[in-house]
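Subject: Structure handover

Hello,

I am passing a structure on to you. Please open it and keep it beside this message while you read.

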Amino acid sequence: MSVNILKDELKTILDTDTKHREMLFRRGYLLTNKRITNQTEYPFYGMWRELILGDFFLYVQEKQTVYFVQRGEKFAVIIGHAYNPFDMTYQEEELCEHLLNAYEKSIDAYFDKVSEFTGLHIVMLIDNRHIMVCQDACSLTGCYFGNVNGSMFITEHPQLVADIENLKMNSNVEKLVQSKCYNVGNRHLPGNLTPYDALKRLGANTYLDYSDRRFVIRRFYPVVNHPEFVTEKEKNDNVKRIGDLIHNGIECCTKKWERCTISLSGGTDSKTTLACANGLYDKFSYFSFHSKPQELVDAEGARKICNKLGLEHTLYTIPQENEAFDDFALVKKILMHNTNYFVNLSDHEIRKYIFLHDLNAYDIELKSWASEVARVFFERKYQIKMPNCLTERHCSIFQTRYFGHPKLLRWSDNVYYRFLREIGLEKPILNFEHADSHYWEIRMGCWGVSVISSQQLYHRMTMPMNNRKILELFLSMPHEDRKSDAVHKKVMEYMNKNVLDANVEIPNLYFHGYRIMMEKLFYLWRTVLYRTKK
């Protein structure tokens with residue numbers, strides 16, 4: 001069934017169902033030079049507010065937060081939330097002031113200040129008719145852009161622009177998301193594609209430069225080599241620096257929100273966040289959930305750690321049947337629409353989202369995904385050393401397995417070939433390992449942004465390690481230390497050794513012997529004879 005038909009069905013329902021309208025494009029935003037004249041109708045339903053920023057119109061859904069400071073024709077804007085663990089600034093208006101101060105010094109000073117921010121956010125600098133836009137460190141807050149029918153759009157949701165401008169889905173994207181191989185992977189599109197030809201995605205460590213009605217993607221990070229800590233003293237000092245900065249960010253969260261919670265899985269990243277919250281434990285609640293049987297092991301491990309620390313832990317059991325939720329079918333339609341028909345959420349994920357939406361127990365949830373950037377994921381997953389320079393083929397197979405779809409695989413390779421050169425990542429940058437940069441900018445950004453988009457249905461989330469300068473400190477540690485999780489364990493030992501002493505080790509489903517063998521065979525089959533395009 002075509003997307004336009006699905007949209008029409010959803011519109012027909014929501015035109016009369018007022019209860020679920022707040023779920024549509026929840027926490028979305030839209031910047032455009034085209035004024036929206038019918039804000040009471042689909043898809044806005046009077047639930048978005050309008051801000052006029054010079055020559056541009058910013059529309060923000062009622063559940064989203066936006067802050068800005070104006071100086072003459074200059075606007076510094078933060079959509080979402082941000083905090084600075086380096087100077088402990090946690091109020092966005094003050095952060096906007098800092099951005100303008102830095103911008104008035106130099107572009108380099110401006111982006112250096114941006115790189116100090118933690119959180120999930122879009123940062124915009126509007127100077128007359130010139131706009132610069134960038135995202136949080138791992139680009140987990142969506143930023144899609146393009147010129148459509150004579151108007152410019154920058155948005156959280158490409159489907160919102162498609163609804164406004166009646167866009168049609170790209171045929172190759174449609175074939176990909178409907179293929180059997182697509183769900184055997186990370187469920188995101190190649191490169192910076194969206195389902196619509198007129199719109200593209202911005203990613204980590206690059207910014208969107210808009211002027212003279214033209215969009216250009218430019219890189220702003222990294223600009224210098226990261227440190228390389230080798231001696232024990234250097235490494236120990238860096239561990240303390242990492243732990244203290246993560247703790248600072250967590251403390252900022254306690255000042256920004258009242259109902260703070262830390263979701264725990266029992267894995268390395270989750271335990272590191274919990275250890276770094278030491279001294280602030282009374283400011284948080286702690287929970288885990290299981291929406292499918294495999295998640296129960298993680299949840300029970302988290303409970304054991306909390307018991308060791310004397311913390312109360314809540315375990316939520318998500319119903320296993322769709323029929324447990326009267327509105328399951330409608331919410332599924334809304335989530336499919338919100339995620340642009342390419343995330344393909346499974347039913348157990350949707351049940352979890354509805355459960356947490358209805359629970360409404362927290363203002364902010366601390367998650368730990370960004371920490372994975374530092375942990376040499378691909379080498380651990382495939383049990384094989386990654387090449388010094390990854391190709392567009394690596395990008396394709398890390399994303400989707402492409403079983404039985406050679407034409408789609410070649411199409412994906414071509415997309416990634418152009419994309420890597422557009423963002424300047426076709427080869428390693430300075431002394432950053434190429435596989436680390438790939439995981440940070442492509443795997444985490446492409447996959448993470450689509451997941452966050454779906455999770456906007458319930459309470460807010462933040463990630464204390466989603467900070468460009470903190471991630472750089474992690475990457476400054478030796479490769480083998482990061483691969484063995486020695487860095488994370490040392491951070492835990494420094495911040496709260498009791499987390500380690502709980503002796504909870506949750507096996508990663510990616511790293512089971514049979515799966516590793518199959519993944520390695522597929523990896524070798526698809527890459528060993530491949531030669532990059534010239």
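Below is what was found in it, element by element.

Please keep in mind that this is a predicted model.

Strand S13

Strand S13 covers residues 260-263. Cys260 and Ile262 point to one side of it, while Thr261 and Ser263 point to the other, and all of them are buried.

S13 has parallel pairings with two strands: S14 (residues 284-290), over 4 bridges, and S16 (residues 364-366), over 3 bridges. Opposite it in S14 stands Tyr286, and in S16 the bridge partner of Ile262 is Leu366. To get from S13 to S14, the chain passes through helix H7 (residues 268-276), and this β-α-β crossover is right-handed.

Helix H4

Why is helix H4 (residues 158-165) described as largely enclosed by the rest of the structure? The reason is that 7 of its 8 residues are buried. Those buried residues are Pro158, Gln159, Leu160, Val161, Ala162, Asp163 and Glu165. They pack against several elements, including helix H1 (3-14), strand S1 (29-32), strand S8 (144-148) and helix H9 (328-338). After H4 comes Asn166, which has a positive phi near 55°.

Arg460 lies in strand S17 (residues 460-462). Its relative accessible area is 13%, and because buried means under 20%, Arg460 counts as buried. Apart from its neighbours within four places in sequence, Arg460 is in contact with Arg27, Lys63, Gln64, Thr65, Trp257, Asp363, Ile364 and Glu365. By contrast, Gln399 is 61 residues from Arg460 along the chain, and their C-alpha atoms are separated by 27 Å.

Glu379 lies in helix H11 (residues 377-382) and is also buried, at 7% relative accessibility. Among its contacts beyond four places in sequence are His479, Glu480 and Lys483. Glu379 and Lys483 are 104 residues apart in sequence, yet their C-alpha atoms are 8.0 Å apart in space.

Backbone details

Which peptide bonds are cis? One joins Tyr42 and Pro43, with omega about 0°, and Pro43 sits in the loop between S1 and S2. Another runs from Tyr221 to Pro222, with omega near -5°. Pro222 is in the loop between strand S12 (214-219) and helix H6 (232-256).

Two residues have a positive phi although they are not glycines: Arg27, at about 60°, and Asp212, at about 50°. Arg27 is in the loop between H1 and S1, and Asp212 is in the loop between strand S11 (206-211) and S12. Arg27 is buried, with a relative accessible area of 7%, whereas Asp212 is exposed at 75%. Arg27 is also one of the contacts of Arg460.

A patch on the surface

Tyr514, Met517, Met518 and Leu521 form a nonpolar surface patch, with about 450 Å² of accessible area together. Met517 belongs to helix H18 (residues 513-527) and is partly exposed, at 42% relative accessible area. As background, an α-helix has 3.6 residues a turn, so residues three or four places apart point the same way.

Regards

Definitions and conventions:
Residues numbered from 1 in each chain as written. Predicted model: local features only at pLDDT ≥ 70, side-chain atom pairs only at ≥ 80, totals over all residues. Heavy atoms only, no water. Buried < 20%, exposed > 50% of the residue type's maximum accessible area, 1.4 Å probe, protein only. Pairing = 2+ DSSP bridges. Right-handed = clockwise from strand over helix to strand, strands pointing away. Patch = residues over 30% accessible without salt bridge, like charges linked within 9 Å, V, L, I, M, F, W, Y side chains within 5 Å. Areas by Shrake-Rupley, 256 points an atom, 1.4 Å probe, with all protein chains shown as cover. Salt bridge = Lys/Arg side-chain N within 4 Å of Asp/Glu carboxyl O. Contact = heavy atoms within 4.5 Å.
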